[in-house]
Every structure is written in C-alpha cells, then in structure tokens.
Amino acid sequence: AGCGAVVLTIWYFGRNLPDYRELAHYEPSITTRVQAGDGRLLAEYATKRRVFVPISAIPKRVIDAFIAAEDKNFYSEPGFDPLAILRAAIVDVGRLQRGLRPEGASTITQQLAKNMLLTNQLSIKRKIREILLATRIRESLSNDRILELYLNQIYLGAGAYGVAEA
C-alpha cells in the first residue's frame with residue numbers, strides 16, 4: 001500500500017511538470033552595458049542585475065561557502081535530502097501552531113528548480129513538484145552545471161542576482 005501511494009503520488013504530481021531539460025541550454029538575461037569609446041561605462045540596462053559567469057570563474061572558496069551554508073550533502077544526495085525534509089516537517093508542526101512560516105529543507109538543486117521552473121507558492125504540492133524536478137535535474141545535469149546555474153540565478157539582495165553581480 002505504501003509503495004502504491006508513492007507511485008501514485010509521483011504519477012499525480014509528475015504530470016505537467018515544467019521541462020527541466022531546458023536548463024541544459026539556459027542562458028539568463030544579463031545586464032546590457034553601454035560604454036563610451038574610451039571604455040567608460042555610460043549606462044546599464046536590465047530588469048534584473050546579473051552578470052553570468054562560468055563555474056570555472058567562480059572562486060572555489062565561494063562555491064564551498066554556498067555548499068556549506070545551503071547544502072552540505074550536495075555531492076552525495078539525489079537532489080533532495082530526506083532527513084532534512086523529515087527534520088523540517090517535525091519542526092514545522094510547532095512553527096505552524098505558533099503562526100510562524102515553515103522552515104525550509106531545500107537542497108541547492110531544489111532551490112534551482114523552484115527559482116527557475118516553479119513559483120514561490122508555499123504548499124505541499126509545490127514541494128513535491130520541486131522534489132520530483134530536483135531528482136530529474138540531478139539525473140540530467142552535472143553537479144558543476146547545477147552549481148553554475150544556481151550561483152548565477154540566486155537573488156542576493158540589493159537587486160543583485162548571482163554571485164558576480166553581488
């Protein structure tokens with residue numbers, strides 16, 4: 001019965017998911033810079049301030065810091081962390097009773113799926129879809145590509161998207 005419930009859940013929430021394969025060829029919109037003939041910056045135009053940099057140009061220390069802060073099991077998990085989800089679920093029972101926002105348990109891959117393919121809607125349905133997408137993303141993209149997309153996509157405050165802009 002438990003296996004049947006899992007299969008039914010995957011089938012139900014797996015229908016009509018966004019195409020995660022588009023991430024393999026994703027190129028974000030970046031800031032357009034207008035420069036004078038002598039190289040001086042005259043103006044910048046963008047809906048989101050972002051400078052896309054390849055993973056090879058991001059310092060290892062920055063990558064390590066994000067992994068340590070956001071997803072210490074990034075290299076060994078299947079795209080989601082079942083123990084973190086269970087821990088958050090237990091903590092969230094008390095938080096919801098006190099009227100507080102639920103605690104997160106998203107991996108880097110789940111955050112990438114949410115930020116690029118889903119919405120910020122706070123629901124169990126979105127969380128299940130996020131887990132399914134994260135699993136599929138991990139099967140189709142390398143760890144470096146996932147980190148590259150995440151580190152260039154994440155909002156870091158003051159209108160800056162991605163580590164290079166921040």
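**Entry 1: helix α4**

I looked up α4 and found these buried residues: Ile108, Thr109, Gln110, Gln111, Leu112, Ala113, Met116 and Leu117. Buried means under 20% relative accessible area; exposed is over 50%, and partly exposed lies in between (1.4 Å probe, protein chains only). Helices here are DSSP runs of H or I with at least four residues, strands are runs of E with at least two, and both are numbered from the N terminus. Eight of the 10 residues of α4 are buried, so the rest of the structure largely encloses this helix. I checked what covers these buried residues: α2, α5 and α6 are included.

I note that the model is predicted: local features need pLDDT of at least 70, side-chain atom pairs count only at pLDDT 80 or more, and totals for chains, interfaces and linings use all residues. Residues are numbered from 1 along each chain as its sequence is written, and side-chain values use heavy atoms, without hydrogens and water.

**Entry 2: confidence and layout**

pLDDT is the predictor's confidence in each residue, from 0 to 100. The chain has a mean pLDDT of 82, and 82% of its residues reach 70 or more. Where is confidence lowest in the chain, and where highest? It is lowest in strand β3 (residues 49–50), with a mean of 65, and highest in α2, at 95. Where pLDDT is low, the predicted coordinates should not be read in detail.

I counted six helices and four strands. Along the sequence they run α-β-β-β-α-α-α-α-α-β. Of the chain's 166 residues, 36% count as buried.

Gln110 sits in helix α4. It counts as buried because its relative accessibility is 0%. Which residues does Gln110 touch, leaving out those up to four places away in sequence? I found Gly79, Phe80, Asp81, Ala105, Lys127, Glu130, Ile131 and Ala134. Contact means heavy atoms within 4.5 Å.

Next I took Glu77, in the loop between α2 and α3. Is Glu77 buried or exposed? Glu77 is buried, because its relative accessible area is 9%. Beyond its neighbours within four places in sequence, Glu77 contacts Asp71, Thr107 and Arg138. Glu77 and Thr109 are 32 residues apart in sequence, yet 9.7 Å apart in space, C-alpha to C-alpha.

**Entry 3: the nonpolar core**

A nonpolar core is a set of buried Ala, Val, Leu, Ile, Met, Phe, Trp, Tyr and Cys residues joined through side-chain atoms within 4.5 Å. The largest one has 25 residues; Ile58, Ile63, Ile108, Ile146, Leu147 and Leu151 touch the most other members. α2, α4, α5 and α6 (143–153) each supply at least two residues of this core. I followed Ile63: it touches Ile55, Ile58, Leu147 and Leu151, not counting residues up to four places away in sequence. α6 is mostly covered, with nine of its 11 residues buried.

**Entry 4: the largest pocket**

A pocket is an open set of points on a 1 Å grid over the protein atoms alone, where a 1.4 Å probe fits, with protein on both sides within 12 Å along at least five of seven lines; lining residues have an atom within 4 Å of a point. How many residues line the largest pocket? I found 31, with Glu103, Gly104, Ala105, Ser106 and Lys127 nearest its centre. α3 gives the largest share of this lining, seven residues.
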